[in-house]
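The following exercises ask for a reading of one protein model, from its overall fold to single residue pairs. Each task is followed by a worked solution.

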Amino acid sequence: MTNEELIAHALKARENSYSPYSHFPVGAALLCKDGEVYYGANIENASYPNGICAERSAIFNAINHGKRKDDFVALALIADTSVPCSPCGACRQVISEHLNPGTPVIMSNLKGDIKVTSPEELLPFAFVLEEKR
Ligand code: THU
């Protein structure tokens, strides 16, 4: 699957965003080796900190379907930003634990700008529990 095709899935995922507070819908799509694509959108709450970002939604969606880091091929995200939408700090921590180093993280926006990065570039010196090292 091309980056553009995975971004198209992320755009589709964005349609399910529940973002009445920020009015900032985000979509994410996580491609697996078996060809499955797991969708995630940001889901907000009146108690603001209880919302979740699109990237974590997609990753947790895949994990809930039994997928694990070795299954993941690439993660795409999209939002209406001036430059390709970049994951927040909390998502970077989750990405660093659940995506292998080198897994492409494809950031994009509605204008068609694309920047491809990686978990380790997004979060150098990520927190890792000693027992997981
Ligand atoms: N958000 C995401 O879903 N992903 C990002 O990469 C940036 C921020 C969401 C969180 C919140 O629902 C809204 O965008 C505004 O911050």
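**Exercise 1. State how many helices and strands the protein has, and in which order they occur.**

Solution. Step 1: the protein contains four helices and five strands, where helices (H or I, at least four residues) and strands (E, at least two) are DSSP runs numbered from the N terminus. The model is predicted: local features require pLDDT of at least 70, side-chain atom pairs count only at pLDDT 80 or more, and totals for chains, interfaces and linings use all residues. Residues are numbered from 1 along each chain as its sequence is written, and side-chain values use heavy atoms, with hydrogens and water left out.

Step 1: along the sequence the pattern reads α-β-β-α-β-α-β-β-α. Step 3: the radius of gyration, taken over C-alpha atoms, is 14 Å, close to the 14 Å given for 133 residues by the globule rule, so the protein is as compact as a globular protein of that length. The globule rule is 2.2 Å times the number of residues to the power 0.38. Step 4: along the principal axes, the C-alpha atoms fill a box of roughly 40 × 35 × 30 Å.

**Exercise 2. Describe how strand 1 and strand 2 pair.**

Solution. Step 1: strand 1 (26-32) and strand 2 (37-41) pair in the antiparallel sense over five bridges; two strands pair if DSSP finds at least two bridges between them. Step 2: the two strands form a hairpin with four residues between them, and G35 in the turn has a positive phi of about 90°. Step 3: within this pairing, L30 stands opposite Y38 in strand 2. Step 4: four of the five residues of strand 2 are buried, so strand 2 is largely enclosed by the rest of the structure. Buried means under 20% relative accessible area, exposed over 50%, and partly exposed in between (1.4 Å probe, protein chains only).

**Exercise 3. Identify which residues touch the most other members of the largest nonpolar core, and which elements supply it.**

Solution. Step 1: a nonpolar core is a set of buried Ala, Val, Leu, Ile, Met, Phe, Trp, Tyr and Cys residues joined through side-chain atoms within 4.5 Å. Step 2: the largest core has 21 residues, of which L30, I59, F72, L75, I95, L99 and V105 touch the most other members. Step 3: at least two residues each come from strand 1, helix 2, strand 3 (72-79), helix 3 (89-98) and strand 4 (105-109). Helix 2 gives the largest share, five residues. Step 4: a second, separate core of 10 residues includes L31, V37, A74 and A76.

Step 2: apart from neighbours within four places in sequence, the contacts of L30 (heavy atoms within 4.5 Å) include A58, I59, F72 and L99.

**Exercise 4. Characterise the aromatic pair formed by Y21 and Y48.**

Solution. Step 1: rings of Phe, Tyr and Trp (its six-membered ring) pair if their centres lie within 6.5 Å; planes under 30 degrees apart count as stacked, over 60 as edge-to-face and the rest as tilted. Y21 and Y48 lie 5.5 Å apart, centre to centre, with 50° between the planes, and the pair is tilted. Step 3: Y21 belongs to the loop between helix 1 (3-14) and strand 1, and Y48 to the loop between strand 2 and helix 2 (54-64), 27 residues apart. Step 4: Y21 is partly exposed at 37% relative accessibility, whereas Y48 is exposed at 61%.
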